[in-house]
Amino acid sequence: MHVVIMAGGKGVRLRPYTTTLPKPLVPIGDNHAILEIVLHQLASRGFTHVTLAINHMGSLIRAFVGDGSRFGLRVAYLEEQADLSTAGPLFYARDHLPEHFLVMHGDILTDLDYGDVLRTHQAGTAPLTVATFRRSVQIDFGVLEIEGGRVVEFHEKPTLDYRVNMGVYGISRSTIAGYPAGRRYGFDELVLDLIARGRMPADYPYDGYWLDIGRPEDYDEANRSFHRLEPLLLPTAPRPRPAGAQPSVPEPV
């Protein structure tokens, strides 16, 4: 049960909160960082090994997480020398990863069962499994449908429903085998490339709780609601590493 956490971004949209801290370490509630919550959740869902892809203020993340033992996890680090976006770091690490693993952003709050996403991917045949969430968007204008220069439909301030990317993926090592290391590459590009080659990713629909902490208003909402959501997001204590167990993680790349 292995997960790669993308934690190297600069968190530009979340400034000024990220002026002195990397985004995965900004505090939620009174006692927790975002990444801390994620690591506890992963341990409770059966994950044992973590690769943390770090770049911006990566030394702070190393100091906070350490070897992962206090979370019941074994943590290795992949330090990016340049911005490789959300999928590019995998091309460096793939030789050290199992055939099936989870990839996720390090700045999301959700009660998604990460273990079930990975097991579902492993049991399927798709090269990539994308966790998706239903998001409704209120349009503040009247929307017109035009055909041949004529208005044929009018919708006053409609609400549109979409399935959006949660930033959590089940993926296979063979899926990324042909991509060159050192290339800046996002998961959006990976999905589009797989579709173009007829290798359609699978959907893992989820309608529980999910918040992508990308903007100051999202961060404020997370802090306002965390006291109520804490039992949902942190239902169990982390599992300690068994006495005498030796880490069997890949070496830092």
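Reader: In which sense do strand β6 and strand β11 pair, and over how many bridges?
Author: In this predicted model, strand β6 covers residues 100–105 and strand β11 covers residues 159–172. One of the residues involved is His100, whose bridge partner in β11 is Ser172. The two strands pair over five bridges, and the sense of the pairing is antiparallel.

Reader: What is the order of the strands in the open sheet, and which are the edge strands?
Author: Seven strands form this open sheet with mixed pairing, in the order β5-β4-β1-β6-β11-β8-β12. Neighbouring strands of the sheet are turned by 30 degrees against each other on average, with direction ignored. Pairing on one side only marks the edge strands, which are β5 (74–79) and β12 (202–206).

Reader: Which helix lies across β1, β6, β8, β11 and β12, and at what angle does the helix run to β6?
Author: The strands that this helix lies across include β1 (2–7) and β8 (128–138). The helix is α4, residues 114–123, and the angle at which α4 runs to β6 is about 135 degrees.

Reader: How many salt bridges does a search of the whole structure find, and how far apart in sequence are the parts tied together by Asp107 and Lys23?
Author: The search finds seven salt bridges, and one of them joins the side chains of Asp107 and Lys23 at 2.7 Å, N to O. Asp107 lies in the loop between β6 and β7 (108–110), whereas Lys23 lies in the loop between β1 and β2 (27–28), so the parts that this pair ties together are 84 residues apart in sequence.

Reader: Are Asp107 and Lys23 buried or exposed?
Author: The cut-off for a buried residue is a relative accessible area under 20%. Asp107 has a relative accessible area of 10%, so Asp107 is buried. Lys23 has a relative accessible area of 12%, and therefore Lys23 too is buried.

Reader: Which residue meets Arg45 in a salt bridge, and how many residues apart are the two?
Author: The side chain of Arg45 meets that of Asp113 in a salt bridge of 3.4 Å, N to O. Arg45 is partly exposed, with a relative accessible area of 35%. Arg45 belongs to the loop between α1 (34–44) and β4 (49–54) and Asp113 to the loop between β7 and α4, so that distant parts of the chain are linked. The two residues are 68 residues apart.

Reader: Which parts of the chain does the salt bridge between Arg62 and Glu79 tie together?
Author: The side chains of this pair meet at 3.6 Å, N to O. Arg62 is partly exposed with a relative accessible area of 33%, and Glu79 also counts as partly exposed, at 35% relative accessibility.

Reader: Where does Arg70 lie, and which backbone oxygen lies 3.1 Å from a polar atom of its side chain?
Author: The place of Arg70 is the loop between α2 (58–65) and β5, and Arg70 is partly exposed, with a relative accessible area of 46%. Although Arg70 and His40 are 30 residues apart in sequence, their C-alpha atoms are 9.4 Å apart in space. The backbone oxygen at 3.1 Å from the side chain of Arg70 belongs to Phe64.

Reader: Which residues touch the most other members of the largest nonpolar core, and which element gives the most to this core?
Author: The largest nonpolar core has 34 residues, and those that touch the most other members are Ile5, Leu42 and Leu52. Leaving aside neighbours within four places in sequence, Leu42 is in contact with Val3, Ile5, Phe47, Leu102, Met104 and Tyr114. The element that gives the most to this core, with five residues, is α1.

Technical notes. Residues numbered from 1 in each chain as written. Predicted model: local features only at pLDDT ≥ 70, side-chain atom pairs only at ≥ 80, totals over all residues. Heavy atoms only, no water. Pairing = 2+ DSSP bridges. Helix = DSSP H or I, 4+ residues; strand = E, 2+ residues; numbered from the N terminus. Axes fitted to C-alpha atoms, helices over the stretch in contact; angles between N-to-C directions. Contact = heavy atoms within 4.5 Å. Buried < 20%, exposed > 50% of the residue type's maximum accessible area, 1.4 Å probe, protein only. Polar contact = N/O pair within 3.5 Å; in protein donor to acceptor, adjacent residues only side chain to side chain. Salt bridge = Lys/Arg side-chain N within 4 Å of Asp/Glu carboxyl O. Core = buried A, V, L, I, M, F, W, Y, C linked by side-chain atoms within 4.5 Å.
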